[in-house]
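User: I want to learn how to read pockets and salt bridges in a protein model. Can you take me through one?

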Amino acid sequence: MSETTERSMHFIEQIIDEDLKSGKHQTIVTRFPPEPNGYLHIGHAKSICLNFGLAKQFGGKTNLRFDDTNPVKEDVSYVNSILADVKWLGFEWDSEPLYTSDYFETLYGFAVKLIKKGLAYVDDQSAEVIATQKGTPTEPGVNSPYRDRSIEENLELFSQMREGKFAEGSRILRAKIDMGHSNMHMRDPFLYRIKFATHHRTGDAWCIYPMYDFAHGQSDSLEEITHSLCTLEFEVHRPLYNWLIEHLEIYPSRQIEFARLNLNYTIMSKRKLLKLVEDNVVDGWDDPRMPTISGLRRRGYTPESIVNFCDRVGIAKRNNVIDVSLLEFSVREHLNKIAPRVMGVLHPVKLVINNYPEGKTEMLPTINNPEDESMGSREIPFGREIWIEESDFMKESPGKKYFRLAPGTTVRLKSAYIVTCTGFEENEKGEVTTVFCDYFENSKSGSDVSGIKSKGVIHWVECENAVDGEVRLYDRLFNDEAPDGQKDKDFMEFLNPDSLQVLTHCKLEPSLANATVGQGFQFQRLGYFSVDSKLSTPGKPVFNRTVTLKDGWKKG
RNA sequence: UGUCCUAUGGUGUAAUGGCAACACACCUGGUUUUGGUCCAGGCAUUCAAGGUUCGAGUCCUUGUAGGACAACCA
C-alpha cells in the first residue's frame, strides 16, 4: 500500500518527464506570458497553475513575461494588476518580471538577420491588397510583387521603417516562406509593422513593433524556455514558431498546446469582459461577479480554492466546458475548513420570547468551527427579543418535512434554547411583523435536560446588541449556459438582471462589527461571506456572499 | 471544398494492449444543535463500421461529429 495516491501524469507532464529522463533537458524553464491589456481571469489561473506548477513539480523555474508588443492596447495599470494576481495566487516568478519590449533591439537584429538570409522582405502594399493575395484556407495565395526585392534594398527599407520615414500601414516586413502553403500562417507572415504609438515602457523609442509570431517564440528562445505552453488556437502557429527558430538559429524552445478553460454561464474573453467594465454593467474588473482573479478575490474566494479547482479541471487537448459548480465546490471545501461560523440574519423578523425575563441578557458560548476544534469558541448575547430569518417562519406549517417555525411548532435556537411558537402579528399587508414564542429554560444548549427533541435549528441575532449591516448577494452574471456561444445573439442579451441583490437592513452578531477585509465567514445556514474591500468602512463592514451553502433540502 | 487538432457517464479527467477509475453534478439512505459537514450506496460496455490480436477505450483503415486557421491583435 503506497501512502501517496499518485495521480497519473497528464500529457505535458509526460513529455517533460521523458525529456528529463532522456537527458534532453537537465532542468525545465516555463513561462507565463500575459499581454497587459486586461485583467487576468480564471482561465489564466489555469495557465498560471500549469506553468508555475510544472516548474515546482520538476524542480525548474518560471518566468513572468509581459508580451507587450502592441502599445495601443497595453497599459501599466494592467501590468500591476497582473503582478498582484499572480502573487496572490501564491506563485513566485524567477528573478524580476520580464518584458518582450526589453528585447526590441535584439528582435530588430533577428529581423535584419532574416533579411540578410533572403528570408524576409519589405512589402509596400496596403493591408487590403495583401489580404486579397493571401488566398483562403482552401485556395493558395499569390506572391507579392515586392517579394523578390534585393537584400540590399530590403535592408535599406527596413532601416528607414525604423527611422520613421514611412507612414503607418504603408510598408510591412514579411517573412518569405510560401504563399501556397496549406497553413495560412506560413503564407509570408507579417513580422514588423509601423505604429507611431507611445509604448508604456519604451515610450517613443520605436515606431515599428514586432508581431506576436516574431516576438513570442523569439522571447522564449532568448530566455531558453524549454517548454512553451499555450492554448489550442496557437497550434497552427507552431510550424511558423519552429521555422523561425530554425532559420534564426536560436535556442529551440518547444511549443505545446493544451485546451483553454471554459466555464458555463460565464464569458472568458478579455474583450467582452472589458465591455462589461466600460458599459458599467459591473463595478469594474474586480466586481465580485466577474470571473477575473481580482473579482473572485473580492468575492471571497481563496487562492487555495482556485489552485485546487485548476488542479481538478485537468490538462488535455479536447475542448471542454467546466460546470461552475466545480468552482463553487472548491471554495466551499476550503472555506468549510477555515471559516468561523457566525450568525447573521439577512431578512429580519422580530421574535419575542413571552416567558423570558424582560431586560435580561445572558452570554452564551458557541463553537467557532465544528470542523476545527482549535478555533475555539466565543460568547454571543441572548435576550428576550431576537431577530430571526423571515423564511424561517410560516403562518401555517406546510407539512411533516418542515422543520422550521410555525404556530405550534418547536425549534432549537442555535446555541441557545428550544422555543415553541405561540402566535404572531402581521400588518395590513399580511406581512409577519412579530413572532411570539415560549422558551424552555431547561433546554439551554450544552445543559439541556428538557428531553424535548427538535429536528429544526435556526439561527438568530439578539436585538439590542445586533449590528446593522449591508450584505450583497450575487448570482450568475448570465442566464445562458454559453452566453457567447450563440450565433445570432450578442452575449449582452443574456445578462442576468438579478445578478446583484443589495440587502441594507441585515442584523449581524456583534463580533462582526470588527470584521476586516479578506476575512471569510460562514453565516450559519446561509453561506460563506467576506468583507468587501471597496465598500466597507471602519466599523461598518459590507459583506459579499461568496457562495451559498449547498442546499440539500428536498421539498415534499 | 484545404491543413491541423479532438472524440470515454450530465460535466471534467484517468486507464500507457489485460476486469473502464477518480472528482463534480444528480438520486437513495444514515449521522448531525447548520436542511451544512461527514458516512454508505446508486448512476457509462468508451462516436460508427471494418481490421490486427488469445485479448482493443487504447494499434491500423474508412467514415461521422466537433473545434482551430484567411486582424499591420495576442
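Analyst: Start with the pocket lining. Within the lining of the largest pocket, α2 gives the largest share, 4 residues. Keep in mind that this is a predicted model.

User: Now the second largest pocket. How much space lies in it?

Analyst: About 910 Å³. It is lined by 27 residues, and R404, R525, L526, D551 and W553 are the closest to its centre. The lining divides into 9 nonpolar, 7 polar and 11 charged residues. β19 (457-458) and β25 (542-548) each supply at least two residues. Domain 2 and domain 3 (342-464) both contribute to this lining, so the second largest pocket lies between them.

User: On to salt bridges. How many does the structure hold?

Analyst: The general idea: side chains of opposite charge can pair when their charged atoms come close. This structure holds 39 salt bridges. One of them joins R162 and E105, at 2.7 Å from N to O. R162 sits in helix α6 (residues 151-163) and E105 in helix α4 (residues 104-116), so the bridge ties together parts 57 residues apart in sequence. R162 is partly exposed at 29% relative accessible area, and E105 is partly exposed at 46%.

User: Which strands are tied together by the pair E385 and K350?

Analyst: E385 lies in β15 (residues 385-389) and K350 in β12 (residues 348-353), so the pair ties parts 35 residues apart. The N to O distance is 3.2 Å. E385 is partly exposed at 30%, and K350 is partly exposed at 25%.

User: Are E509 and R378 buried or exposed?

Analyst: Both are buried, which here means under 20% relative accessible area. Their side chains meet at 2.8 Å, N to O. E509 is in the loop between β22 (500-508) and β23 (520-523), R378 is in strand β14 (residues 377-383), and the two are 131 residues apart.

User: Which residues are linked in a network of salt bridges?

Analyst: D283, D286, R298, D532 and K534 are linked in such a network.

Definitions and conventions: Residues numbered from 1 in each chain as written. Chains lettered and ligands numbered in written order. Predicted model: local features only at pLDDT ≥ 70, side-chain atom pairs only at ≥ 80, totals over all residues. Heavy atoms only, no water. 1 Å grid on protein atoms, 1.4 Å probe; cavity = no way out; pocket = protein on both sides within 12 Å on 5 of 7 lines; lining within 4 Å. Points joined across faces, edges and corners; volume = space filled by probe spheres on them. Nonpolar A, V, L, I, M, F, W, Y, C, P; charged D, E, K, R; others polar. Domains from an automatic or database assignment. Salt bridge = Lys/Arg side-chain N within 4 Å of Asp/Glu carboxyl O. Buried < 20%, exposed > 50% of the residue type's maximum accessible area, 1.4 Å probe, protein only.
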